[in-house]
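Visitor: I am new to this structure and should be grateful for a guided reading of it. May we proceed by question and answer?

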Amino acid sequence: MAISIINLEAGMPTVELARSRLNQGLQSARMRGEKAVKIIHGYGSTGRRGKIKADTLAVLAQKQKAGLIRDFVCGEKFSPFYENSRRITAYLPSLTRDSDYSRGNDGITIVVF
């Protein structure tokens, strides 16, 4: 299964623009019936101190609590050593074939619906 990508960091956006891209991307993916997406938010190496990543994780936590997404896992924890990663890959085993699985990429987050 190829996983769709939502790129929040393209063009060095503001946090607000990145949040808008996130919401639009998640809504589109859900409407297409996708089971998972990879969000590229970066990790703060451009001097923004990880504000987009922090905001993305906060928004995803709210969406999970509201039942709009099933689960998510930060790239640095996207491996068999973390409980939420094991939950996600139990639900969608094909995610273990993703190029970022067990790579510790803290610039991405995986979301499942």
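Guide: We may; please note that this is a predicted model. Let us begin with a contact between two side chains: that of Asp98 and that of Lys38 make a polar contact at 3.0 Å.

Visitor: Where is the place of Asp98, and is Asp98 buried or exposed?

Guide: Asp98 is located in the loop that lies between H3 and S4. The cut-off for a buried residue is under 20% relative accessible area. Asp98 has a relative accessibility of 13%, and therefore counts as buried.

Visitor: Which residues is Asp98 in contact with, leaving aside its neighbours within four places in sequence?

Guide: Within the neighbourhood that is set aside here, a polar atom of the Asp98 side chain lies 2.8 Å from the backbone nitrogen of Asp100. Beyond four places in sequence, the residues in contact with Asp98 are Ile3, Phe78 and Lys38.

Visitor: Which residue is the bridge partner of Lys38, and in what sense do the two strands pair?

Guide: Lys38 belongs to S2, and its bridge partner is Ile5. Strand S1, residues 4-7, pairs with S2 over four bridges, and the sense is parallel.

Visitor: How far apart are the end C-alpha atoms of helix H2?

Guide: Helix H2 comprises 15 residues, 51-65. At 1.5 Å a residue it should span 21 Å, and the distance between its end C-alpha atoms agrees with this: 21 Å.

Visitor: Why are the buried residues of H2 said to be on the same side, and which exposed residues does the opposite face carry?

Guide: The buried residues of H2 are Ile52, Lys53, Asp55, Thr56, Val59, Leu60 and Lys63. They cover an arc of only 165 degrees around the axis, which puts them on the same side of H2. They pack against H1, S2, S3 and S4. The face turned away from that buried side carries the exposed residues Gln62 and Lys65.

Visitor: Which strands do the buried residues of H3 pack against?

Guide: In H3, residues 83-91, the buried residues are Ser85, Ile88 and Thr89. Their arc around the axis is only 90 degrees, which means that they are on the same side of H3. An α-helix has 3.6 residues a turn, so residues three or four places apart point the same way. The strands against which the buried residues of H3 pack are S3 (71-74) and S4 (108-112).

Methods
Residues numbered from 1 in each chain as written. Predicted model: local features only at pLDDT ≥ 70, side-chain atom pairs only at ≥ 80, totals over all residues. Heavy atoms only, no water. Buried < 20%, exposed > 50% of the residue type's maximum accessible area, 1.4 Å probe, protein only. Arc of directions from axis to C-beta. Contact = heavy atoms within 4.5 Å. Expected span 1.5 Å × (residues − 1). Pairing = 2+ DSSP bridges. Polar contact = N/O pair within 3.5 Å; in protein donor to acceptor, adjacent residues only side chain to side chain.
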